[in-house]
Protein chains: 4
Amino acid sequence: MSAKPLKAGILGATGTVGQRFINLLSTNPTFEIAVLGASERSAGKKYNDATNWKLADRMPENVKALTVCVCDPAHFSSCDVVFSGLDANIAGEIEKSFIEAEFPVFSNAKNFRMYDRVPLVIPLVNPEHLAVVSEQQKEFNLKKGFIVTNSNCAVTGVAVALKALQLKFGDISHVLATTMQAISGAGYPGVPSLDIMDNVVPFIGGEEPKFEAELMKLLGTVNQTCTGFDSKSNMKVSASCNRVPVVDGHLASVSIKFASANPPSVDQVVECLQNYKSESQILGCYSAPEIAIDVRMESDRPQPRLDRMNGNGMSVTVGRVRECSVFDIKFSVLAHNTIIGAAGASILNAEVAYKMGLVFPK
Amino acid sequence: MSAKPLKAGILGATGTVGQRFINLLSTNPTFEIAVLGASERSAGKKYNDATNWKLADRMPENVKALTVCVCDPAHFSSCDVVFSGLDANIAGEIEKSFIEAEFPVFSNAKNFRMYDRVPLVIPLVNPEHLAVVSEQQKEFNLKKGFIVTNSNCAVTGVAVALKALQLKFGDISHVLATTMQAISGAGYPGVPSLDIMDNVVPFIGGEEPKFEAELMKLLGTVNQTCTGFDSKSNMKVSASCNRVPVVDGHLASVSIKFASANPPSVDQVVECLQNYKSESQILGCYSAPEIAIDVRMESDRPQPRLDRMNGNGMSVTVGRVRECSVFDIKFSVLAHNTIIGAAGASILNAEVAYKMGLVFPK
Amino acid sequence: MSAKPLKAGILGATGTVGQRFINLLSTNPTFEIAVLGASERSAGKKYNDATNWKLADRMPENVKALTVCVCDPAHFSSCDVVFSGLDANIAGEIEKSFIEAEFPVFSNAKNFRMYDRVPLVIPLVNPEHLAVVSEQQKEFNLKKGFIVTNSNCAVTGVAVALKALQLKFGDISHVLATTMQAISGAGYPGVPSLDIMDNVVPFIGGEEPKFEAELMKLLGTVNQTCTGFDSKSNMKVSASCNRVPVVDGHLASVSIKFASANPPSVDQVVECLQNYKSESQILGCYSAPEIAIDVRMESDRPQPRLDRMNGNGMSVTVGRVRECSVFDIKFSVLAHNTIIGAAGASILNAEVAYKMGLVFPK
Amino acid sequence: MSAKPLKAGILGATGTVGQRFINLLSTNPTFEIAVLGASERSAGKKYNDATNWKLADRMPENVKALTVCVCDPAHFSSCDVVFSGLDANIAGEIEKSFIEAEFPVFSNAKNFRMYDRVPLVIPLVNPEHLAVVSEQQKEFNLKKGFIVTNSNCAVTGVAVALKALQLKFGDISHVLATTMQAISGAGYPGVPSLDIMDNVVPFIGGEEPKFEAELMKLLGTVNQTCTGFDSKSNMKVSASCNRVPVVDGHLASVSIKFASANPPSVDQVVECLQNYKSESQILGCYSAPEIAIDVRMESDRPQPRLDRMNGNGMSVTVGRVRECSVFDIKFSVLAHNTIIGAAGASILNAEVAYKMGLVFPK
């Protein structure tokens with residue numbers, strides 16, 4: 001195999017999202033895994049020894065013997081791009097040091113998502129938000145460094161469906177979503193089995209405010225000066241987040257009302273979702289799914305176990321599109337929380353940025 | 001032990017709801033299990049041999065040797081009251097034959113719930129609807145026979161909470177509920193394990209229309225002539241029903257809007273729910289829980305595994321009462337689907353009817 | 001209610017086993033919960049605030065407001081007896097301090113189980129081992145203080161069944177057991193859900209050697225001088241311990257060979273197990289189950305969800321007794337791991353000791 | 001893509017094993033799916049409409065529109081080979097009709113497994129048993145038709161490990177195995193969720209006798225006249241079979257004793273298992289895994305969720321190889337029950353038969 005064009009570093013490589021980064025990058029034609037960063041505790045060990053690998057897909061052979069280093073930019077000098085699966089409690093400072101060291105950073109952490117000049121991007125929703133990167137670089141006096149974040153995993157599927165509808169039918173005025181989220185969303189060790197076996201936990205710390213705020217930014221537009229974003233702050237969003245005993249795949253029951261007095265019919269909504277194509281797909285990015293939204297017409301789909309790997313985990317699956325007796329339309333939507341909802345989104349964001357010339361080999 | 005005042009027959013005694021009837025009646029001071037009815041296949045066998053007992057509570061000793069008979073009124077002549085846990089596909093005809101044979105029937109089946117002169121009663125919500133029984137008897141020329149139904153298990157918890165709020169703060173104009181329902185709600189064999197393990201199924205056949213229609217009737221009032229009910233047909237209700245891998249206990253995330261322009265605050269809602277007492281409790285019925293609605297102030301309750309047996313499964317548990325950015329208030333509510341959501345409701349309905357003189361010993 | 005004769009302290013009161021001690025003692029007629037000990041982190045808080053209660057049974061009202069203290073004998077002066085649910089990594093030192101402070105200690109921790117003068121007692125197996133307590137006191141120059149341990153939860157059910165058989169049919173020469181153990185055996189947070197959902201883990205640290213060594217001591221006898229125990233060290237025992245996604249209840253598949261050349265038949269084994277009565281039952285102890293071993297004749301029992309609460313969790317359930325084509329007999333056995341396998345065993349041990357005059361009120 | 005050499009029919013195509021046949025054959029270079037057979041109920045429908053697809057891998061596009069026919073040889077005239085995933089209650093007669101119609105049949109059903117002239121083959125264990133096919137054809141006067149069966153899914157993993165050891169260290173005299181089997185082994189709808197959630201069922205109908213008898217045949221040899229098999233009937237085998245809440249992957253705890261007075265050490269056993277290569281691998285068959293037995297040295301493997309897809313589900317994973325205090329050696333072994341334990345074994349058997357010239361294109 002010929003050399004991949006870009007060398008990638010992974011921050012938080014031993015964690016749940018880090019493992020998914022490695023799993024996905026190992027077959028990616030654009031990025032080559034070059035450096036693995038983790039905590040002091042793991043540093044100096046072979047990746048195979050440092051990591052409690054929890055994916056059903058096996059650990060790629062070529063990372064097993066890589067030596068893990070601490071998350072210091074000095075160790076990442078060979079990298080053209082850095083992916084971050086760091087925990088929020090440490091991501092802020094570390095990611096800042098990488099940006100300042102002129103690395104393009106694609107981060108799954110929440111810390112910078114709501115900053116003015118930081119794009120919050122789901123590649124199936126709003127890759128056009130990357131246009132703010134140059135203003136971010138100007139503001140902070142950076143040449144090559146910048147940060148692009150992807151969204152909370154719970155909001156991902158909902159945002160993809162709503163973006164498709166907003167493009168076609170205009171603004172959505174009300175969104176009520178109840179999520180049923182998988183345990184892998186909490187990392188490892190994450191949710192104790194005594195908390196979730198034969199149980200549902202109707203609370204996930206900080207998740208509902210993130211869902212509501214991020215959705216407004218994701219569906220918003222770049223402002224006129226390209227220095228930030230006009231959020232859909234008029235849209236009323238209410239989320240109720242639940243943890244369910246499912247390994248992977250966040251499901252949501254969603255009811256929406258359109259701003260328009262003439263909302264679309266169920267058939268029009270179905271057709272719109274089926275035909276939706278995001279910019280990342282049109283650009284022909286490797287990780288972009290063939291179908292952005294797989295609309296199932298059976299009465300009982302989507303289901304996490306059967307549909308989460310749709311489009312290799314990069315597609316969103318929608319089902320049960322029907323009239324809502326309170327709002328206009330209701331439906332169920334599923335997205336793989338660690339692929340399109342986390343690591344996969346970061347990677348596809350980076351592929352878009354590569355196509356746009358924002359990241360490039362040394 | 002002195003004799004219990006009333007002799008009870010159970011229709012569908014070998015099924016999931018029938019087992020719960022037996023489990024609950026075995027310690028009930030008012031009703032004595034006298035006759036067990038089931039299908040031809042079970043008839044003639046000892047209950048112990050006919051039944052695939054699936055409750056963690058053991059089968060009561062005194063029913064083990066009872067001979068199961070078919071569900072023909074001729075076999076139930078010793079009974080003062082009949083409880084029905086029959087499947088909907090056969091409940092209609094069988095229950096009709098018992099009513100005509102002058103038995104008071106307390107049914108968990110859906111068949112007659114929406115009939116004009118048939119009370120649909122959750123004992124923590126609307127026992128006053130029993131006032132229509134005398135008109136039902138008049139209409140069908142019955143002396144002692146009648147039918148009282150209880151509601152779908154998914155709507156139970158929501159109805160209890162909303163009734164408390166409606167009494168105090170006036171009509172509720174909008175209800176959006178997403179349920180996460182336990183597998184025991186589907187009976188036995190019910191949900192195949194391949195469908196629900198590591199999974200959520202976003203559909204339960206017929207459940208959403210039942211939820212919506214029954215809630216309007218439950219929160220409605222007896223009409224002026226006592227010949228039927230004025231449903232809350234102006235209330236807009238939208239339900240999304242999901243099956244989750246939980247053994248017992250239906251959980252729902254609920255958002256509501258009050259008709260009033262001055263809706264109550266979160267604190268007022270909490271206080272109202274905490275103080276709610278239903279008629280069945282005030283009457284001092286044996287099966288009525290001490291607390292109708294247990295309001296939890298922790299951030300992560302109610303949870304099915306930890307809260308479903310609250311009040312011996314007859315209480316409803318509410319938590320996470322908070323403002324809704326779309327409507328006024330949102331909360332989570334849990335009810336044990338086979339106790340207050342099914343067999344327990346039927347039994348408490350019968351206890352209320354006994355206190356009111358509608359059922360009585362021979 | 002009249003005062004209970006003995007005041008009890010609980011060490012490790014906020015943990016999984018501690019919660020079960022509280023749950024069981026709250027209705028016990030002999031012991032009154034007097035003092036709750038836990039770590040520095042919990043000390044000074046109300047029990048209700050200090051504890052992440054994980055049992056489906058509700059926290060008893062009367063302990064909610066008790067102030068938790070550290071596990072120092074100085075705080076336990078009102079207690080006649082102390083129960084320990086401490087983690088092994090701290091149990092050794094703390095329990096030693098309580099013994100030296102002249103408290104009778106009934107411990108679920110492993111630290112002292114294999115000591116020469118320390119009885120390792122399952123109350124359905126070998127309460128006669130308590131005879132060594134006086135020698136223990138002599139050895140360590142104690143008047144009232146001593147320690148009695150109960151066994152590892154995985155070996156409990158097997159030991160009960162084997163003791164019954166050994167009494168009737170003589171020594172057992174070979175035991176091969178494969179356990180399928182519940183998650184509650186690992187405490188809280190214990191097993192991460194990502195490790196056990198849709199999974200089995202074929203390893204539990206330290207469990208197999210404990211199983212093998214403890215079984216030999218449990219089935220052994222007090223030596224002639226009452227200074228220790230003659231273990232069944234000739235018995236060959238091999239255990240394979242697995243963790244399965246079950247909340248409570250340890251199940252084992254067991255194959256055994258008798259030392260006798262004329263081993264009993266399946267029918268004789270069934271009859272022996274059914275008729276077995278342990279000393280703790282004969283003494284009429286409150287917590288002793290009516291039936292020590294519930295032998296099920298159906299083809300598919302025991303099952304954790306349906307049988308673990310047998311005898312309020314103090315009975316052992318055996319099923320599938322049949323010939324083994326390698327050894328003589330094989331069967332399945334189930335025991336509730338936190339009741340008869342942990343806290344319940346400690347409490348019943350203490351009840352036996354009370355009947356024997358080893359513990360007494362101040 | 002150039003045409004695949006052989007056209008394949010699938011009997012029982014809509015069932016759990018049938019779905020796995022389709023899933024695996026869709027990417028197989030040797031076999032092209034040509035005809036799908038199922039019951040009268042499905043016949044005439046498109047496969048997509050007739051099938052309740054339960055695999056996480058999507059239904060291959062090219063089978064969706066195939067019309068399902070009944071399992072009558074007349075409909076399979078285009079086929080060079082037939083795979084059977086039929087239920088045992090109908091497999092006998094149908095498979096007989098296909099053999100008599102001169103089709104090579106590779107069957108997962110149990111009906112003919114123990115017949116004298118019928119090879120019972122796990123391709124990682126005993127492909128040399130295919131040598132009896134010609135005698136089978138002679139006996140029944142067949143030219144091209146014959147039947148080859150694969151084993152019960154529970155015994156598969158154990159048989160692979162024991163074959164490796166037997167080849168190197170001689171006969172194994174005693175085998176004690178306790179299985180923990182996945183729900184997919186019972187087909188669909190199969191195990192009711194109320195039976196297995198938060199539970200283990202210590203019984204699977206007919207499984208233990210099959211395990212014991214099939215293991216002896218699998219480890220046996222072709223007799224001198226090539227007319228049948230010399231089973232390892234002196235080997236003592238005892239199996240205890242349990243159903244656990246796992247979707248896919250049968251795990252077993254196994255203890256064995258060698259006939260030899262000088263049994264191998266743990267290290268020798270590990271080395272032997274690691275180096276084992278079966279004939280199907282040496283022949284270079286497409287579906288043969290690179291590694292027959294993946295021996296894990298970590299303390300807590302194999303685990304169904306993490307290891308079942310090892311070698312695309314065609315490898316067997318062994319772990320925890322250690323001394324047994326009753327026999328010589330004990331270990332845990334895992335095999336994917338619907339791949340190497342069912343459909344995958346049938347397919348690899350057919351590939352071996354193709355290499356041997358027993359099946360060929362028309």
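**Note on the chain and domain interfaces**

1. Between chain B and chain C there are two salt bridges, a salt bridge being a side-chain nitrogen of Lys or Arg within 4 Å of a carboxyl oxygen of Asp or Glu. One of them joins B:Arg58 to C:Asp294, with the closest N and O atoms 3.4 Å apart.

2. This is a predicted model, in which local features need pLDDT of at least 70 and side-chain atom pairs count only at pLDDT 80 or more, while totals for chains, interfaces and linings use all residues. Residues are numbered from 1 along each chain as its sequence is written, chains are lettered from A and ligands numbered from 1 in the order in which they are written, and side-chain values use heavy atoms, with hydrogens and water left out.

3. Chain B and chain C each give 13 residues to their contact (heavy atoms within 4.5 Å). The two chains bury about 1,200 Å² between them, 40% of it on carbon and sulfur atoms; buried area is the accessible area (1.4 Å probe) that two parts lose on being put together, summed over both. Of the area that chain B buries against chain C, 45% is supplied by B:Arg58, B:Arg305 and B:Leu306, more than by any other three residues.

4. Chain B can be laid on chain A with an RMSD of 0.0 Å by a turn of 180 degrees and a shift of 0.0 Å along the axis; the superposition is by least squares on the C-alpha atoms of residues with pLDDT of at least 70 in both. That is the relation of a two-fold axis. Because 100% of the interface residues of chain B are also interface residues in chain A, the copies meet through the same surface.

5. Within chain A, the assignment gives domain 1 (6-152 + 343-355) and domain 2 (154-336); such bounds come from an automatic or database domain assignment. The C-alpha centres of domain 1 and domain 2 of chain A lie 24 Å apart. Their contact takes 37 residues from domain 1 of chain A and 40 residues from domain 2 of chain A.

6. Domain 1 and domain 2 of chain A bury about 3,100 Å² between them, 62% of it on carbon and sulfur atoms. On the domain 1 side, A:Leu124, A:Val125 and A:Asn152 lose the most area to domain 2, together 24% of what that side buries.

7. Two salt bridges are found across the interface of domain 1 and domain 2 of chain A. A:Glu128 forms a salt bridge with A:Lys163, where the closest N and O atoms are 3.1 Å apart.
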